[in-house]
Amino acid sequence: MNKKVNTILFILGATAFNIIVTVLSFLLLLVIYAKTIMRVLPAGAQAWSFPFIFIAALAIAFFAYRYILRFLLTKIEIEKYFDPIFVSKHRKR
């Protein structure tokens with residue numbers, strides 16, 4: 001495989017990882033909410049909790065993605081295996 005294929009596969013894998021982590025964290029937070037907090041809150045406040053759970057799931061996925069990406073970048077030589085996504089049209093002097 002060449003660098004372009006490696007780059008495309010990495011982007012697809014990272015996107016799939018991010019989506020899976022988001023869905024799993026959303027479901028986990030939803031189960032925790034349903035078993036604990038939902039019983040205490042009044043009915044009007046329960047509906048407002050779902051957007052906060054969704055935002056928290058996105059935040060968890062974002063930080064997990066950043067952490068895993070930083071770990072991988074320390075272990076992998078980027079220039080050796082991946083092609084740059086955006087290339088400048090103007091050469092530096």
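**Pocket and nonpolar patch**

The largest pocket in this predicted model holds about 190 Å³ of space. A pocket here is an open set of points on a 1 Å grid over the protein atoms alone, with protein on both sides within 12 Å along at least five of seven lines; its volume is the space filled by probe spheres set on the points. Residues are numbered from 1 along each chain as its sequence is written. Local features need pLDDT of at least 70, and side-chain atom pairs count only at pLDDT 80 or more, while totals for linings use all residues.

**Pocket lining**
- By class, the lining has nine nonpolar, one polar and one charged residues.
- Helix 1 gives the most to this lining, with four residues, and helix 2 also supplies at least two; helices are DSSP runs of H or I, at least four residues, numbered from the N terminus.

**Surface patch**
- A nonpolar patch on the surface includes Phe10, Phe17, Tyr67, Ile68 and Phe86, and its members together have about 1,100 Å² of accessible area (Shrake-Rupley method, 1.4 Å probe).
- Patch residues have over 30% relative accessible area and no salt bridge, and nonpolar side chains are joined within 5 Å.
- Helix 1 (3-37) and helix 2 (43-75) are the elements that give two or more residues to the patch, and helix 2 gives the most, with four.
- Ile68 lies in helix 2 and is partly exposed, at a relative accessible area of 34% (between 20% for buried and 50% for exposed).

Note on methods. Heavy atoms only, no water. Patch = residues over 30% accessible without salt bridge, like charges linked within 9 Å, V, L, I, M, F, W, Y side chains within 5 Å. Salt bridge = Lys/Arg side-chain N within 4 Å of Asp/Glu carboxyl O. Buried < 20%, exposed > 50% of the residue type's maximum accessible area, 1.4 Å probe, protein only. 1 Å grid on protein atoms, 1.4 Å probe; cavity = no way out; pocket = protein on both sides within 12 Å on 5 of 7 lines; lining within 4 Å. Nonpolar A, V, L, I, M, F, W, Y, C, P; charged D, E, K, R; others polar.
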